[in-house]
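Here's a quick briefing for anyone opening this structure for the first time.

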Amino acid sequence: MDITTRRNFLQYSAMLGAGLTVPGLSAAQTKAASGRSSQLFNFDWKFHHGDQQEASTPGFDDSGWRKLDLPHDFQIEQPWDQSAGPARGFKAMGTGWYRKSFKADAAWKGKKVLLDFEGLMLYGDVWLNGQKVADIDYGYLGVEVDVSRALNYGGDNLVAVRASTGRTNQSRWYTGGGLFRDVHLLVREPVSVTRNGVYITTPSVSEQEAEVAIQVELDGISKQSLDVVVRATIQGPDGSQLARTTTPAPQGIRLATVNVPLQAVRLAKPKLWSCETPLLYTVDIAVLRDGQLVDQVSEQFGIRTIEFSQEAGFKLNGKKVFLQGISNHHDLGALGAAVYDRAIERMFIALKAFGFNHVRTSHNPYSKSFMRLADKHGILIVDELADKWSEDESWPGQKPFSQLWYKILPEWIRRDRNHPSIILWSLGNELQMREDFGGFPTGDWGVTTYKIMDTLVKRFDNTRKTTVAMFPARANGTMRGSPDFFVKVIPPELSLVTEVASFNYQYPAYPAYLQYAPHLIIYQSEAATSTLTGAFYGMDKDKMVGLAYWGAVEYWGESHGWPRKGWAFSYFNHTMEPYPQAYLVKAAFSDEPLVRIGVVDGAGELVEWNDVQVGKAPVSSHWNWPEGSQQSLFTYTNADEVELLVNGKSVGVKPNPRNDPLSRNIIYWKSVAYGSGGTVTAVARNKGKEVARHALQTVGKAVALKIEAESADWRAGGMDLQYLKIRAVDRQGRFVPVAQDEIVVDVSGAAQLLTLDNGDHSTNEVFTVKRVKLHNGFAQAILRSGRAPGVVNVKVSAAGLTVAAKALKTVSV
C-alpha cells in the first residue's frame with residue numbers, strides 16, 4: 001500500500017469514528033473505527049477581489065461573488081500593469097476575500113475541530129461565524145486554527161478569509177496572492193497527536209542494520225494522569241510490516257504538550273534512500289486511551305546518512321555527491337503561486353532528465369507537497385526559511401521579524417524534519433549587505449542572530465547543519481564597486497560561523513576564501529546562468545558541496561524591464577520547455593554522450609544584478625531562416641569533438657575546448673551558410689567513434705495542429721492536472737517552430753480549462769482565457785480534473801489550420 005493509499009485509508013477510517021457519514025456503509029460499519037478525520041476543504045469557495053467591509057460576517061450578501069476551488073492565486077489573474085513595477089511581476093498589490101459555508105456535525109461536539117491552512121499569500125486573517133479566530137502572519141507557513149468554540153454544531157457555519165499581498169517593498173519577487181495552498185478540516189479527539197508532532201530519526205545506519213527512533217508529541221494529557229499508550233508500526237518500501245514498538249505516555253507533565261520518545265527499533269538490511277533509489281518507509285502512529293484507539297497518523301521517512309566536511313563537501317550514504325541544482329522562487333508558470341502536485345512533479349521529472357539533483361527553496365518554505373515529491377523523486381533540498389531578517393523592508397510578515405521568528409522557525413522545522421530529501425537548513429539570504437537586514441541590532445552582521453536561531457533549530461532537529469546564503473560581498477559589507485573588493489578578498493563575517501558556508505556567486509574567490517579560513521565547507525547557493533557551465537567547472541567538485549543555478553527556470557517578478565514579466569535568463573522557460581543551453585548543462589551534469597545545436601538568434605544581453613553580471617545570449621533550436629543568409633551557431637557537447645554538416649557536406653571538425661572552464665563543452669561555428677534550407681547536423685565523436693548526433697531541418701508551412709497529453713494517469717477528484725502541448729505541424733507532421741497562429745481551445749466533459757499559455761515571458765495576456773497566439777510554434781493548456789471520473793473532450797482550432805481533437809479520460813482516485 002503506497003503512502004497516498006495508506007493516508008486515504010486512515011482518513012477514511014477516521015471519518016467513521018468522527019461521526020462523518022460515508023455513503024455505502026452500514027451503521028455497524030460506521031461504528032467500526034475511531035480516530036481523526038481529515039477532509040480536503042478546497043472546494044466550493046466564493047471569492048471577491050478587493051477589500052470589502054463586513055465580508056467577515058455571516059449575513060453578508062456574497063451572491064455576486066465568483067465561485068472557485070482552491071488552490072487559488074488571485075494575483076496571476078490580474079492584468080499585467082507596467083506601473084506596478086518589475087520586482088513583484090508587474091502585478092498590482094491588493095486584497096482578496098474568500099468565504100465558504102459548511103455544516104458542522106453535532107457528533108463533533110467535545111472533539112477538537114480545526115481548520116488547517118497550509119499557506120496564505122502574503123498574510124491575512126480568518127473569521128468563523130463572524131468571530132476572528134486567527135492571524136496568518138507569515139503566509140509561507142501554515143497555521144492550524146482551533147474553531148471548536150466558535151462552531152454552530154449541527155447547523156450552518158461560515159468561514160471568511162482576508163488575504164493581502166502586503167506592501168510592494170515586502171518582497172523582492174512575485175509572491176502571488178490568496179489561498180494558494182491546500183486547506184483541510186480536521187476533527188480529532190482531545191487526546192491526540194499535535195500538528196507535525198511525529199519526529200523520526202535514524203541515529204545509526206549501516207548496510208547491516210538501521211536504528212529508527214520515533215518521538216510523538218501529544219495534546220490533551222498535560223498535568224493529568226491518563227492511561228495513554230503510543231504505538232508505532234513501521235512498513236517497508238514494499239508495504240510489508242517490519243516492526244512495532246509501544247510506549248506508555250508519561251503522566252503529570254506540566255508542559256502544554258507532552259513528548260513521548262518510543263523505544264528505538266532496529267531494522268535489518270535497510271533499503272537506503274538516495275537520488276537514484278528514493279525508497280521510503282512508513283510509520284503508522286496509533287494513540288490509545290484506556291485501550292481504545294483515539295488517534296492515528298501516518299508519516300513517511302527515508303533511511304540515509306548525510307555528511308558535510310571540508311575534505312569531501314557532501315556525502316550521501318557515505319558516497320560523495322555534488323549538488324547540481326537550481327535556486328528559484330515558488331511560482332509554477334501560468335499557475336502563478338497556486339500549488340498543484342502535478343505541476344511540481346513534472347518539474348522534478350524534467351530537471352532529473354537534464355542531470356539536476358537539487359533544489360534550494362529560495363527564499364522561503366515551499367509547500368508540503370513539494371517536499372513529499374522531492375522525497376519520491378530523489379531531489380536533494382536545501383530548505384530556506386526567509387530572505388532578510390528585517391523589521392520592515394524585504395520581510396513578508398504581517399508583523400516585524402523580531403515578533404515572528406521564534407514562532408515560525410519551530411513550525412518550519414517540525415513540518416519538514418522527517419523528509420529525507422532535506423539535507424540542510426538555510427536560515428536566511430544575503431543579510432550582510434546591510435546591517436539592518438541582520439536581525440537583532442548586535443553590530444556583528446547577523447552573527448549573534450544566526451547563533452540564536454541555530455540553537456532553536458537544534459531544539460527541534462539536530463540531524464542537519466544550518467547555513468545562511470551570503471550576498472556577493474566581502475567582509476565589512478564591501479561591495480564590488482569598492483577599491484578593496486579585489487584586494488582584500490576576505491569572506492563575510494557571517495560565513496565564518498555558519499556550519500556550511502553558502503556563497504551566492506563569487507566562485508573565483510573561493511580559493512582565497514579558503515586560504516583565509518581553511519575550515520569553510522563551501523556551497524555555491526546561487527550560480528549565475530550567464531556563466532553557463534563555468535560556475536560548475538570553476539569549483540573544486542571533490543571538496544565542495546555543489547551549486548544551485550539562480551533562476552534556471554523562468555519565474556515571475558524580478559524583471560529586467562517591460563515587457564518581460566520576470567526573470568528570463570534561464571535554461572527552461574516557464575512552461576518547462578528547455579532552451580538549447582539546458583543541453584549544455586546536461587552535457588556537464590551527465591556522462592551520457594550528447595550533442596545539441598543552438599543557433600544564435602540575436603545579440604546577447606548583460607545586466608548588473610546583485611553585484612554580479614547576468615544575462616543570456618538568445619539561442620534557438622530550428623533551421624528556418626531567410627534564404628541565402630548565414631547563421632552562427634553553437635554545438636554543446638561532452639564528446640571529444642564535433643563535425644558539422646550542412647545538407648550532408650562537412651563544414652569542419654572542431655575539438656571540445658576542455659581546458660577552458662568557461663568554454664568547455666561549447667564549440668562556436670561562425671557564419672555557416674544557410675543557403676535555401678535543408679538540414680544541419682552535428683556529429684559528436686569520442687576517439688573518432690560517433691557517440692551522438694543532432695540535426696535541425698527546415699520545415700514547411702504550418703497546415704495543422706497537434707495535441708500531446710503529458711499524463712497517462714490523470715486522476716479525478718478535482719485536484720489533478722493534465723498538461724497539453726499544442727504545436728503547429730507541416731504537411732509531413734513536422735513541428736513548425738516559427739508558427740504564430742492564434743488558437744482557440746475548447747474543453748468539455750469531466751474537466752475544465754485552467755490556464756492557456758504559450759511560454760512567452762513577455763506576454764501581455766492573462767492566462768485565464770481560451771485563445772492565445774502560438775509562440776515559437778507552441779502553446780500549453782493546463783486542465784484541472786473534475787471531482788467525478790469521466791471523458792474529457794479537447795478541441796484546438798486556428799484559422800486556416802486543420803483542427804486537432806483529443807478525447808481523454810480521468811480515472812478514479
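Let's start with strand β26 (residues 465-470): five of its six residues are buried, so the rest of the structure largely encloses β26. Buried here means under 20% relative accessible area, with exposed being over 50% and partly exposed in between (1.4 Å probe, protein chains only). Keep in mind that this is a predicted model, where local features need pLDDT of at least 70, side-chain atom pairs count only at pLDDT 80 or more, and totals for chains, interfaces and linings use all residues. Residues are numbered from 1 along each chain as its sequence is written, and side-chain values use heavy atoms, leaving out hydrogens and water.

**Strands and pairing**

- Helices (H or I, at least four residues) and strands (E, at least two) are DSSP runs, numbered from the N terminus, and two strands pair if DSSP finds at least two bridges between them.
- β26 pairs with strand β25 (residues 422-429) in the parallel sense, over four bridges.
- S426 has its bridge partner in β26, namely T467.
- Elsewhere, three strands make an open sheet in the order β19-β20-β21, and their pairing is antiparallel.
- β19 (306-309) and β21 (319-320) are the edge strands, each pairing on one side only.
- β19 and strand β20 (residues 313-316) run antiparallel and are joined by four bridges.
- F308 has F314 in β20 as its bridge partner.

**Around S632**

- You'll find S632 in strand β36 (residues 630-637), and S632 is buried, at a relative accessible area of 16%.
- The side chains of S632 and Y668 are joined by a polar contact of 3.5 Å.
- A polar contact is a pair of N or O atoms within 3.5 Å; within protein, one must be able to donate a hydrogen and the other to accept it, and residues adjacent in sequence count only if both atoms are side-chain atoms.
- The S632 side chain also reaches the backbone nitrogen of S671, at 3.1 Å.

**The largest cavity**

- The largest cavity is lined by 30 residues, and H330, D331, L332, G333 and M347 lie nearest its centre.
- On a 1 Å grid over the protein atoms alone, a cavity is a set of points where a 1.4 Å probe fits but cannot get out, and lining residues have an atom within 4 Å of a point.
- α3 (341-353) and β47 (778-785) each supply at least two lining residues, with α3 giving the most, four.

Methods:
On a 1 Å grid over the protein atoms alone, a cavity is a set of points where a 1.4 Å probe fits but cannot get out, and a pocket is an open set with protein on both sides within 12 Å along at least five of seven lines; lining residues have an atom within 4 Å of a point.
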